[in-house]
Amino acid sequence: MRSSSFRTLRTIAGSARSLLASSSPAVPCLGQSSRCYFANASLQKLQKKEAIPCDFIKWCSLGFFRTSKFATGFTPLQPKPLDSIIDMERAKDRSPEDLASIWDDYHLGRGHIGASMKAKLYHLLEQRASDCRYFVVPLWRGSGYTTMFIQVHMPHILITGLEDYKARGTQAAPYFTVSYYKEFAESKDLVLIRGDIVFTSKLTDQEAEWLLETTQSFYLNDVRYKLVERFNRQTRDFEFKDVLQALEMPIL
């Protein structure tokens, strides 16, 4: 969740580029290794119903969330260490505002998202995600939307298309991965966020940024988080239309 005050300091980026060392994606190679991202969680139960978003009223086909170890095959990402991306010694001398602005600017460009948040918000996100790891978010496109499936395993978030997950199970790879860096949480009250679009054919930069901000909002906003809790704990009572209403999207 970007701070608006941070983004006012773009002019320092030119002289501060020396802080940054590499723009390589913080995600491992895909292929067979992509199996570590999404476990096969009783896909047949999902496939018994046609996955049309407007029919996700009771989410009966996702009832197995209550009893299954939904992501037992998940292996944490191995992102690039922060000190391989930025010069940590120089970064220590920067103000939180400067550092956040440099970080954002550095990640501008196809396939990369840079953001930041206060440490207090990160800890709240981490706490809530430990209890409720999964959610669904509609991504609006043209005259309809695509439902995205979210897995939150802090300090990472993985996002893929729900249809892809249902169809491919352990073969499904994330469209978009997010990593959180806590190295400056105590000294600067700042957590740096890096998003990498794994498949640029699946998501634009704008869509990825929107998904990141929207996913965080459902975990950090008290009212929206109730929907996340319901999805994870009272799945049969979950109504997808409530998510659409929260996002002010039409119910198709």
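Which residue in β5 is the bridge partner of isoleucine 159? In β5, that partner is phenylalanine 176. The points below place this pairing in its context.

1. Basis of the note. The model is predicted; local features need pLDDT of at least 70 and side-chain atom pairs count only at pLDDT 80 or more, while totals for chains, interfaces and linings use all residues. Residues are numbered from 1 along each chain as its sequence is written, and side-chain values use heavy atoms, with hydrogens and water left out. Helices (H or I, at least four residues) and strands (E, at least two) are DSSP runs numbered from the N terminus.

2. The sheet. Six strands form an open sheet in the order β1-β6-β5-β4-β3-β2, with antiparallel pairing; two strands pair if DSSP finds at least two bridges between them. β1 and β2 are the edge strands, each pairing on one side only. From one strand to the next the twist averages 20°.

3. Strand β5 and its neighbours. Strand β4 (residues 156-161) pairs with β5 (residues 176-181) in the antiparallel sense over four bridges. On the other pairing, six bridges join β5 to β6 (residues 191-197), and these two strands also run antiparallel.

4. Burial of β5. Six of the six residues of β5 are buried, where buried means under 20% relative accessible area, exposed over 50% and partly exposed in between (1.4 Å probe, protein chains only). In a regular strand the side chains alternate between the two faces of the sheet. Both faces of β5 are covered, with Phe176, Val178 and Tyr180 buried on one side and Thr177, Ser179 and Tyr181 buried on the other.

5. Strand β6. Seven of the seven residues of β6 are buried, so this strand is largely enclosed by the rest of the structure. One side carries Val191, Ile193, Gly195 and Ile197, the other Leu192, Arg194 and Asp196, and all are buried. β6 is also joined to strand β1 (residues 112-117) by six bridges, and the two run antiparallel. Serine 116 stands opposite leucine 192 in this strand.

6. Helix α4 (residues 96-106) lies across β1, β5 and β6, running at about 165° to β1. Axes are lines fitted to C-alpha atoms, for helices over the stretch in contact, and angles run from 0 to 180 degrees between N-to-C directions. The helix is mostly covered, with nine of its eleven residues buried. Among them are Asp98, Trp103, Asp104 and Asp105.

7. Helices α5 and α8. The axes of α5 (residues 119-131) and α8 (residues 205-220) come within 9 Å and cross at roughly 75°. The two helices are therefore roughly perpendicular to each other (under 35 degrees counts as roughly parallel, over 145 as roughly antiparallel, 65 to 115 as roughly perpendicular and the rest as oblique). Leu121, Leu124, Leu125, Arg128 and Ala129 in α5 meet Gln216, Tyr219 and Leu220 in α8, contact being heavy atoms within 4.5 Å. By class, this contact has six nonpolar, one polar and one charged residues. Here Ala, Val, Leu, Ile, Met, Phe, Trp, Tyr, Cys and Pro count as nonpolar, Asp, Glu, Lys and Arg as charged, and the others, Gly among them, as polar.

8. Helices α8 and α9. α8 packs against α9 (residues 222-233) at an angle of about 95°, with the axes 5 Å apart. That makes α8 roughly perpendicular to α9. Ser217, Phe218, Tyr219 and Leu220 in α8 meet Asp222, Arg224, Tyr225, Leu227 and Val228 in α9. This contact has six nonpolar, one polar and two charged residues.

9. Aromatic pairs. Rings of Phe, Tyr and Trp (its six-membered ring) pair if their centres lie within 6.5 Å; planes under 30 degrees apart count as stacked, over 60 as edge-to-face and the rest as tilted. By this rule there are eleven aromatic pairs. The ring centres of phenylalanine 135 and phenylalanine 218 are 5.0 Å apart with planes at 45°, so the pair is tilted. This pair links distant parts of the chain, with phenylalanine 135 in strand β2 (residues 134-141) and phenylalanine 218 in α8, 83 residues apart. Phenylalanine 135 counts as buried at 1% relative accessibility, and phenylalanine 218 is buried at 0%. Tyrosine 219 and tyrosine 225 form a tilted pair, 6.1 Å centre to centre with 50° between the planes, and both are buried. Phe135, Phe218, Phe231 and Phe238 form one aromatic cluster.
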